[in-house]
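Here are my notes on the model, as numbered points. Please read them with the structure open.

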Amino acid sequence: MLKTIHCLFVAAVFLNTVYAQKNVQPTPEEIALSKSLKEKYPDNSVVLLESSDYISFEFNKNEEKIYVNQESNESIINIDSRAQIQKYSFYDEQTTIRKFEVTTKNDKSTKPYITDEALTNDDLFHHDTRVKYTNISFPLMGYKHNTYISKEYRDIKYFSNIYFNDDYPVLKKVIKIEVPNWLDLELKEFNFEQYSIQKDISTNTKNDSKTFTFTINNIPARYNEPDSPGPTYIYPHLLILAKSYTFDGENKNIFHSTQDLYNWYKSLVTALKNDNTVFKKKVLSLTENTTSDEEKIKNIYYWVQDNIRYIAFEDGIAGFKPDEASNVFDKRYGDCKGMANLLKQMLLEAGFDARLTWIGTKRIAYDYSTPNLSVDNHMICTLFKDGDTIFLDATEKFNAYGEYANRIQGKQALIENNDGYILKTVPEITSDFNRESFNYDFILNDDKLEGKASKTFIGESRTSLLYAFNTLKDNNKEEFLEHYLNNGNTNIEVSNIETTDLLDRELNLNMLYDINIKNVVSSFDSDVYIDIDFDKELEGFLLEKRKTNYIFPYKKDLESLTTLKVPSEYTITHLPKDISFSSKNFDMNVMFNQANNIITYKKIFKIKNGQIEKSDFEKWNQFISNLKSVYNEQIVLTKANTKHEN
Amino acid sequence: MKIKIILSLLITFSLSVMGQTKKELEVKNFFWGEHDTHKNTVEIPDKWKSESAVILYKNQNYDFHKFGKNVTYKNSTRKRIKLLDNSAVKEFSEFSFLDIFRAPTKVIVFPIPVAFNWQQNTGNFVGIKVVKPNGDEIEIDIKKESVQVDGKTNIAIPNLEVGDIIDYYTYYEDSFKSTFAYGFEPVETTLSEEYPIVNFKLFFETENDFFINFNSYNKAPELKQLPTEKRSIRRYSLEGTNIDKYISNRWFFPLLDLPSYKFQVYFARSGSFEDRALAFLPEKETIIKKNVSEEEVLDLYDKRLRANRDIGDLRDFFKSKTFKNDTEKVKEAYYFMRHAYLTQYIEAMVVKEADILYNPFEFYGSNPPFISSQKEFIKYFTAFLNRNDIDYDVVVSKKRYDGTIDDLLIEKNVDLLLKVNTETPLYVEYFDQYNSINEFNPLIENTEAYLLTSSKNKIDGITREKLPHSVYSQNEEKKEITFTLNDDFSGFSITSISNFKGHQKKEEQNNRLLFTDYIYDDYKKYETKSFIELVKRKKKKIEYQKQLDAAILKIQNHHKEQMKEAAQSEFELNEIDDYAFKINETGRYGFDSYLTFTESFKGKDAFIKKAGPNYIVEIGKLITNQIDLNKKQRERTENIHMSYPRIYNNKITFNIPKGYAVTGIDKLNKSIDNSTGAFISQAEVIGSDLIITTSKQYKNYSEPNSNWSLMVDFLDSANQFVNEKILLKKT
């Protein structure tokens, strides 16, 4: 019972934390500062008064690797009545957290209880990232804590970037990087243009090094917004390009050029045995009795998509090195690298020129001009055929040959080419490639709309629907289809559903069905009011408080056409007004028409880049407001020969 | 030389952990050995061909043995499942187990540190094999295929495809010493589960000193005794076939309607421990106990519920008080005890949870009395009743979701409360911070219960009685909503006064009330001190007060945000402004007293639609979301079981904007009233207001499936009301 009561009041608000310390009560000045900060940052509970990172490098002779030490100090103040936060730091096989300290403002240790646990990630079956964290309590407004974390990277390769933003706003952020002159290191600045970041370089003759100091004031907390661009696009940060080092007079490259990065990747790939014996028969069965090379390739590509489950292992070197194709084939599962490798080997086995290909998905802002392990996060397979380059992503489901998922479109691909490499860009498609076309033909029957509907999906709209459909239990699919077509609204009855083959990834996906809708037609006296739109796409898409671009899963293109045959005894007395909005990124039109007692209602929504950029928010929001007004407006029919008396 | 030592260590160690242990092989042989009668089972009945997966064989085994004080408990399950679609393949493609392997052992052999990363078995085992359609069996090498993280073993199943059979077992073994009687966790389950089952077998093996209560319900097969080689060993099994999958549903008590079984095993080494066991043990280990008699109930509780607790606080409080009658006295005692033994500590609990102090309870004396269970409550409250010569019975009842009191089998399922035999009997239940007198769990209302009667302060008799029931009008949610449109129709404002009484109140009290809403009144009423008042040192008092105030402010802000989100969700609005929330009455003194609170807010983009020069108002939506039955739900085949009868009353006042008239109110008048429930609504224009009243009633605790269509009638009527609109016509 007592425990129950605890939960009722407190558990949702408080974490288990260290106890408040003596002699650390906030001063009136600290309370005043907190109050003013709360006005500035109303959505945050604490602010970092100062946050500094000091980064240094040392050469480990035994391992011939460059170690990186990162020391982070933070001074945190509570700006709420009270606050609890979790201070955490990640590490993995390549890194060690050497110290994790929490002190009071008078520098006495709070003796924090540090929890160490594996980081869970639903998308990854297994990975080696762990987290150390502690809960810190701020019992009063103005209460302060300091934190100190010392972290060691045992190979400079894995120290790839450093960010200025934190979970909380920072009043003063300093990043100090001491680069010894034996190390050739470039600090490439990203997203600095929107911020005033001061950069100082000083030379230290004592230890033969240069210190780069970056200082920024008043930087906001990291955004917590869904469907936003990857962090490399939106936050100021430094990409660490470790090029080479000189030791005992000998200069050795790290990632001086893309070739160096490729060489390292290639060294991991070359270590593979590539014994394809186990799937020779399968390749043969997939390619025999075919009439063209394209059919052979498709058979292999689709077989891998359909039969190899994506199960990701990111554990140490396994995060970079593909699994043997034979293992993936035997196990029928693999991560992107294993699946790409199996696909490559099966295509090679069938006599095609297939190559492994490293690529960064759209979440990553970098390309291979900045060689670094952060440039890519995915592996696909590239096929060279009759002068064409075709990219094959084995992790995609229901992806048709020659179609590319939005996440890799426009991205640079690093394709293996013996000792060299080839850089190519995955082609981008236009939004009409993903078009969803809806057609509704209604008649008015008493207080119901009755008619027929058809929907067609192509490109990624088709792929995503087929994938969702095929993850369901077979005996739930019919119910799902009905639910999908009536938007889960019991006022909409759908029946006689006919579809194209819901396993065919190449055909246009068509759905034909009968549709009856109740409770959208209201009759009052001699007037009939019709709420004709029951899909109301984008209705909730006002982006008023958003700070980052909105990213759709793919480029959107919707054409929806509704016709309503009005009974002859009615005249059409009111239709909502047309609205439109066009720019380089959008074509949005809503049109109403009437001819021969038939109302035509057409919507065209094209989001050409698959995103709404911040610079478009004002116009976008204006359009959505207008769209909501249209959605909220009724079509009015009046019985013929009725006089209105207003 | 050093290297040699390390190598030999490594080899020895490896050998001991790499091979399968004898025990592991025994377990494997038990499931998949030569006696496995299901090793060739591959066919499924035609009726289940369109299922996602079918369990060909499910086998659960419980094994209880002892050696002196050492008790060994083994629990194993095997499932052999045919996977018929991709969803099933995905479902069974990854497994996760706790405590299969011990954490890797690190050994340091000076001067070279060596980490032995081998996995050691814990005595718990898992076996998984995949049977391909051609009959090939592939046993998964668990050690090879799994990864261990923080005590969790994750396995990705290789080469699993549609049409395959996955056949796996889990085996857990636990050994412990027990001097006293020990009850294993009871099991109460339906035979059915997510996938249909072709063959099911439950198997028990026990020996002397293990007592089994077991019964089957709702036409589930009976447990049968099997012959054994020794008299001290006993074996039982329950076998079932063709068990349809379990489908969850609203208002459904599966243990009441589906074939199911319950059991509990108790370990008691001798007669005296048997007597002390808090369980309805069978007379002998050789007997499987299937039900519990009145005498056994009396026998278990007569000595366990002695009125022997110190109620000094209560005596002190009552010293200067006089009461009209025993009813008043009992009521006052109940509420006082709720405060003295619970709510007076709530501030301290907050102080503890907010980490202001490690042990704030020290301020309440050396051993502050809490009441932490139903049985403790009975002991305290009957001490008061005995002292005041007030007659009472102890009520032994059982929640109705898994059968009647005649189905009583497991002591943990018993709910104890008191019937105080005042002029009109009063029922008192172990309290939480809100409980009122005469308020007890609705799931035991209207059920048959035993009454343990007492004479000379001793429990010495037992009778049966049906507990009182509540009627729908007692369990009320009542809302008064005032809806006003902005002058320019750009938005609206809503003021809502919500009232809850009877059983509808408890959940709302849990959600809506903060301790600050009632604790200070309680201090005053019962002349007790707040936590801060108990702190003597002035400096500390100031320090704790500041921190407690800060914690309370945080809780209140968080709570207000939650209330706002609840209002948004209730009215299905994306965003609301100017939200205000106020508790008017806490409803903590009386089952029929209302919890009342007022909310107000402004919103837009809802309820109003433009219709040429006029406006359509979706007025029906103001009664908020109603049950909207889909096709499948309409075809319900199960009986309907609800917690209690109840009523939802709404009064909506719509301020008609000037210059407009309301049309279409006839559709707002509905009346469906039958034996299962009702939806009745009336609308009329009074002055410049449209007044709508609605009443939705669920009249009974449960309905047979044959009454479902009657329920559908009033549920549909309420849902149709939500869809009704009125026209605001420009005058």
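1. Start with one residue. Val179(A) sits in strand S10 (residues 170-180) of chain A. Helices (H or I, at least four residues) and strands (E, at least two) are DSSP runs, numbered from the N terminus. Val179(A) counts as buried because it has 21 C-beta neighbours inside 10 Å. The cut-offs: buried means 20 or more other C-beta atoms within 10 Å of the residue's own, exposed means 12 or fewer, and partly exposed lies in between, with C-beta atoms placed from the backbone.

2. What does Val179(A) touch, leaving out residues up to four places away in sequence? Its partners are Phe57(A), Leu185(A), Ser209(A), Lys210(A) and Phe212(A). Contact here means C-beta atoms, placed from the backbone, within 7 Å. Thr203(A) is 24 residues from Val179(A) in sequence, and the two C-alpha atoms are 9.7 Å apart.

3. A word on the basis. This is a predicted model, in which local features need pLDDT of at least 70 and side-chain atom pairs count only at pLDDT 80 or more, while totals for chains, interfaces and linings use all residues. Residues are numbered from 1 along each chain as its sequence is written, and chains are lettered from A and ligands numbered from 1 in the order in which they are written.

4. Next, the domains of chain A. The assignment gives domain 1 (2-252), domain 2 (258-428) and domain 3 (432-639). Such bounds come from an automatic or database domain assignment. The C-alpha centres of domain 2 and domain 3 of chain A are 38 Å apart. In chain A, 7 residues of domain 2 contact 11 residues of domain 3. The domain 2 side of that contact has 3 nonpolar, 2 polar and 2 charged residues. Classes run as follows: Ala, Val, Leu, Ile, Met, Phe, Trp, Tyr, Cys and Pro are nonpolar, Asp, Glu, Lys and Arg are charged, and the others, Gly among them, are polar.

5. UniProt, in an unreviewed entry, lists residues 285-357 of chain A as "domain: Transglutaminase-like". UniProt positions follow the numbering used here, feature names are shortened, and annotations may be inferred rather than shown by experiment. In the model, this span is 53% helix and 15% strand, and its end C-alpha atoms lie 26 Å apart.

6. Now the cores. A nonpolar core is a set of buried Ala, Val, Leu, Ile, Met, Phe, Trp, Tyr and Cys residues joined through C-beta atoms within 7 Å. The largest has 216 residues, and Leu343(A) and Val394(B) touch the most other members. Beyond four places in sequence, Leu343(A) touches residues including Ile300(A), Tyr301(A), Cys381(A) and Leu392(A). A second, separate core of 53 residues includes Val528(A), Tyr529(A), Ile481(B) and Phe483(B).

7. Helix H11 (residues 617-632) of chain A has 16 residues, and at 1.5 Å a residue it should span 22 Å; its end C-alpha atoms are 22 Å apart, which agrees. The expected span is 1.5 Å times one less than the number of residues. Among the buried residues of H11(A) are Trp620(A), Phe623(A) and Leu627(A). Its buried residues pack against strands S33 (579-582), S34 (586-595) and S36 (611-612) of chain A, together with strand S29 (608-611) of chain B.

8. Finally, the contact between the chains takes 53 residues from chain A and 57 residues from chain B. On the chain A side, H1(A) gives the most, with 6 residues. That side has 22 nonpolar, 18 polar and 13 charged residues.

Definitions and conventions. Two residues are in contact if their C-beta atoms, placed from the backbone, lie within 7 Å.
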